[in-house]
Amino acid sequence: MKRFGVVLWVLIFIALIGGVVLVTGSWNRDQGLAQIVSTKQVKKENCELVVKSREFNREPYYNGPLIDDHLHMPVSSSVVSSVSVTMGLPSPSWDKTLTTDYLNCLSESLGTKQTIGFYLLTKFSSAGEVSMAKKIEKKYPGKIAHFLMPSLFNSFINVDAKTFSDALEKNPNLFKGIGEIKTFDNRELDDPFLMELYGLAEKHKLIVMIHPFHHQKAKVEKILKQYSKVNFLFHGGEENANIIFELMKSYPNAYYSLDADITSIYGWERQNNDNQPNREQWLAYVRKNFDGVLDQSSAERWKRRLESFPDRVLWGTDRWYRWHFDTEVVGLINEISRNFIGRLDLTMQEKFAYKNAQKLFNLR
Ligand SMILES: [Zn+2]
């Protein structure tokens, strides 16, 4: 316990130093990016990534467009990235290889039309995140639906509701939503800060994306009822599915995203649930068990649920860590997903793959 305290203080110290570094550092990085953009407009043809060929050639296979409804954007600050590693949620930062061009190119090579991207706001990096969203929007208009995500890890790094409100007021129509909201800090889903965010969502006509814990069903229902004009997108895999699909029967403003559960990028089976795989472990597992992963995710486990709400279920990937942006990994995520979608009823494949997202996020 004592040791934990020391570690926490060291982290806080690092973060404080980081705040100073950030103010100067992120400015410089931003300038660098602006220069690249203005001197050498990156055109579509410059994307040299080729579509990774299918490894397993299973049928049926969905070949249409996709909209990824769940992507954690790399963070604007390398300090926040370093601290996030020690918190067990390693968020990569933008750098020379993980660039906005690379991300856009990667999406294009996979047939992903658009992406819902979450920008993690911390006390030390909210300005950098907002300016990153602006830059991406300018460079790739309409490609990313930008979401503002609170840091619900501890109150030391989390921003206040005013930061959200300011970002929304100063950048009209830039942001499409708020989230992902996941209360790692054990607060309730109806605590005053979050209620303020839902209020902002109502005011600015935004979508709210929440990852509830399974004991939060009553709070989820309370929010759905109280903010009936706000559309809420939930996820959380098997553990939450029954709760959310149950609530969807009574609340037309509830939507469901099925993402990481299709591909097990955060682990598989009970014994592996707390032991998150790295790139090599995941690739090895999927390559050895491709049919098993597909059977486990599609089959009767999801098909019936998805098909009972054909207009309110959306596909995503829930990528977050650095290796989730690796071309081989992403190629396999894409292949499994397309096989998964191919197994759904023909009438709802496109809806799940992109049309529902298009409608919900008002994308063109
Ligand atoms: Zn997520």
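**View A. Helix 5 packs against helix 6 in this predicted model.** Helix 5 (residues 161-170) and helix 6 (residues 192-204) meet at an angle of about 15°, and their axes are 9 Å apart. Helices here are DSSP runs of H or I with at least four residues, and strands are runs of E with at least two, numbered from the N terminus. Axes are lines fitted to C-alpha atoms, for helices over the stretch in contact, with angles from 0 to 180 degrees between N-to-C directions. Helix 5 and helix 6 are therefore roughly parallel to each other (angles under 35 degrees).

Two notes on reading these views: residues are numbered from 1 along each chain as its sequence is written. Local features need pLDDT of at least 70, side-chain atom pairs count only at pLDDT 80 or more, and totals for chains, interfaces and linings use all residues.

**View B. Here are the residues between helix 5 and helix 6.** Helix 5 contributes Ala161, Phe164, Ser165 and Leu168, while helix 6 brings Phe193, Glu196, Leu197, Leu200 and His204 (contact: C-beta atoms, placed from the backbone, within 7 Å).

**View D. Strand 2 runs parallel to strand 3.** Six bridges join strand 2 (residues 112-120) to strand 3 (residues 144-149). Leu120 has Met149 of strand 3 as its bridge partner.

Key:
Angles under 35 degrees count as roughly parallel, over 145 as roughly antiparallel, 65 to 115 as roughly perpendicular and the rest as oblique. Two residues are in contact if their C-beta atoms, placed from the backbone, lie within 7 Å. Two strands pair if DSSP finds at least two bridges between them.
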